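The report below is written for a reader who is meeting this structure for the first time. Please keep the sequence and the model in view while reading.

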Amino acid sequence: MKSICADLVLQRLAPEAGAALNRQLYNCLREAILDGSLPPSSLLPASRDLAREIGMSRNTVLHAYAQLQAEGYGHSRVGSGTFVAETAPDNFLSAGRPVTAAAAASAPVRLSKRAQTLLANASAAPVQWGAFMPGVPDVTQFPHRHYSRILHRLWRAPAPELLTYSHGGGHPALRTAIAEHLRVARSVRCDADQILLTEGVHQAIDMTLRMLVDPRETVWVEEPGYWGFHKVLQMDAVRVRPLHVESDDEGPGAGWPRGGKPPRLIFVTPSHQYPLGSVMSLARRRELLDFARAAGSWIVEDDYDSEFRFAGRPIPAMQGLEPDSPVIYVGTFSKTLFPGLRVGYMVLPRALAQPFRTAHADLYREGHAITQAALAALIDQGHYAAHIRRMRVLYARRRALLAGLIGEHLGPEYLHPQASNAGLHLVLRLPDGSDDVAIARAAQARGVLTRPLSAYYQRGGAQRGLLLGYACVQEEHIEPAFKVLLRCLQSSSSRAA
Ligand SMILES: Cc1ncc(COP(=O)(O)O)c(C=O)c1O
C-alpha cells in the first residue's frame, strides 16, 4: 500500500522537459513543504519505500532528499529517517502559502441570499465555557470514568454494525433506554419505535421543517424564542409568525397570532420557556393541543432542559397529556451530559415515525452507533440518572447563590418575574431602555460571558436583560464574575444618566 507522501508525489509530479528526475522530485517535495502539505517535523518515507511506490530508483530519491537537506528543508536523524525541517529557510517562506491564502481570502464569493442572512446575524458564541455562559452544563462533572470504561469495552471487539452507517432511527438499545427514561421522568407516551436519534435539537428542527413544511408556508414560534430555531427557519425559507409568551396573565391564547392560514408547525418550550423561564399553564397546553388538532398543525415541543427543576413538582411533558397527541417531542443530551456529544432524540407521532426514519437515513447518513451504544449502557447501568440527580443539587446551589447576589446588590425586581426555579440560566431583568447589547459586550471584554435578552426577539418591544448561565460556573467564581458584571451595569447607568 502506498504512503500518503507517495500519493502526493504521484498527484503533483509534472514532468519537466529536460529536468533530471531527482530535480523534479526535489521541486515537488519542496513545494509541498512550503505550502504546508508536508508539515514541519513530519517524517518522510524511507527512501527505499518511496522509490518503490513512485517507480523511481532509490538513488533518485536519495539525491532529492540530500538536496532538501542541503538547502535546509529537511534533516536526517541516524536510525530515524529524514524529517521536514521545523522552519523552512526564510527566503522561501514568503513565496509559499501565505500569498496564496491571502489571494484566496480576498476573492469574491457568491453566497446564497439565505446564507447571507444567516451570516449577517451569526449568533453562535466562539467561547462556550466560563461565567456566565448560558445553556452550558458543568461538563467537568461528566462521569467520564464510567463512560470510558464502557467505550473501552465496546472498542475491544466492535461489532461491524457499530462502525457502519446506521439505519432505522439509531441504535436500538439507546432508543429503548430513552423511551423508558422519558416514560418515567417526563410522562411521555412512547415506545422505542417512535424514537429517532439525531445530532441534537438543531438537526431535529431542520428535519421536521424539511419533512412537514414547504417554503413560504407558515410556522409559529415563541417570541422571545431560541435563536437557533430562527437560524434553521431562515435557511428553510418558511414564514414565521410570533407566538407571544409574555401575556400569560391575560388568559389562554392571548398571545397567539390572529387570522391567516393555520400554521404547519407550532414551536414551543412549555416546561421551561426559552429564554424567559416560564411554565405554560395546563389550560394553555390543552388549548394549544385542541387548536393543533382542529387546524391540522403539529406542535414541536422542545424539552431541552426539563430534568433540572429545583423546586415544586416536576412538570410533565405536553406530549403525554393526551393519547396520540399531535406533538413532536424533541430532547437532547446537550444539557444533561455535554453539548459536544451531539446526540439528541425525537419522539414522533406514530404516523410520522417511519417516514422520518427513512428520510433521516437518506438525508444525513446516520452514524455514531458506538457512541449511542455507550450511552445506552451508561443509562442502563444507572449512571445517567445518578448524574442528573447530582447535577440537580449542584445547579440548584449555584442558582441560589447567583439569585442571592442579584437580590442583595440590585434588588429582587432584577430577577425576571416569569422565571421558574429551573434550568441552567436565569434572566437578569434590566430597566426598559437599557442597552443590554452594549452591557453584554462590555462584560465580555472583561471576560464575563452573557447574552442580551433583547437579542431573542425578532420583532419590536423587546424586554431588556441579560441571560446568565450559572451551571458551568464553580461556586467560588460566581461572586467575582458577578462583581465584574455589576461594574459594567454601574458604568452603563452612569453613562445613561
Ligand atoms: C431552547 C434550546 N433548544 C435547543 C438547544 C440546543 O440543543 P442541541 O445542542 O441538542 O442542538 C438549546 C441550546 O442552548 C436551547 O437553548
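## A buried aromatic pair

Phenylalanine 308 has a relative accessible area of 1% and therefore counts as buried, a term that means under 20% relative accessible area with a 1.4 Å probe and protein chains only. Tyrosine 395 is also buried, because its relative accessible area is 1%. Phenylalanine 308 and tyrosine 395 form an edge-to-face aromatic pair, with 5.1 Å from centre to centre and 70° between the planes; rings of Phe, Tyr and Trp (its six-membered ring) pair if their centres lie within 6.5 Å, and planes under 30 degrees apart count as stacked, over 60 as edge-to-face and the rest as tilted.

Phenylalanine 308 lies in the loop between strand E7 (298–302) and strand E8 (327–332), whereas tyrosine 395 belongs to helix H15 (residues 383–409), so the pair ties together parts that are 87 residues apart in sequence. Helices (at least four residues) and strands (at least two) are DSSP runs, numbered from the N terminus.

## Basis of the model

The model is predicted, so local features need pLDDT of at least 70 and side-chain atom pairs count only at pLDDT 80 or more, while totals for chains, interfaces and linings use all residues. Residues are numbered from 1 along each chain as its sequence is written, and side-chain values use heavy atoms, with hydrogens and water left out.

## Other aromatic contacts

A search of the whole structure finds 14 aromatic pairs. In one of them, the ring centres of phenylalanine 142 and tyrosine 147 are 5.3 Å apart and the planes stand at 70°, so this pair is edge-to-face. Phenylalanine 142 counts as buried at 9% relative accessibility, and tyrosine 147 is buried with a relative accessible area of 10%.

Ring pairs also link Tyr226, Trp227, Phe229, Phe267, Tyr274, Tyr304 and Tyr456 into a cluster.

## Around the ligand

The residues around the ligand, with a heavy atom within 4 Å of it, include Tyr226, Tyr274, Tyr304, Asp302 and Lys335.

A nitrogen atom of the ligand is 2.6 Å from an N or O atom in the side chain of aspartate 302, and an oxygen atom of the ligand lies 2.7 Å from a polar side-chain atom of lysine 335. Taken alone, the ligand exposes 400 Å², of which the protein buries 91%, with accessible areas from the Shrake-Rupley method and a 1.4 Å probe.

## Domains

The domain assignment, which is automatic or from a database, gives domain 1 (4–93), domain 2 (139–382) and domain 3 (386–496). Taken over C-alpha atoms, the centres of domain 1 and domain 3 are separated by 57 Å.

How values were computed: A polar contact is a pair of N or O atoms within 3.5 Å; within protein, one must be able to donate a hydrogen and the other to accept it, and residues adjacent in sequence count only if both atoms are side-chain atoms. Buried means under 20% relative accessible area, exposed over 50%, partly exposed in between (1.4 Å probe, protein chains only).
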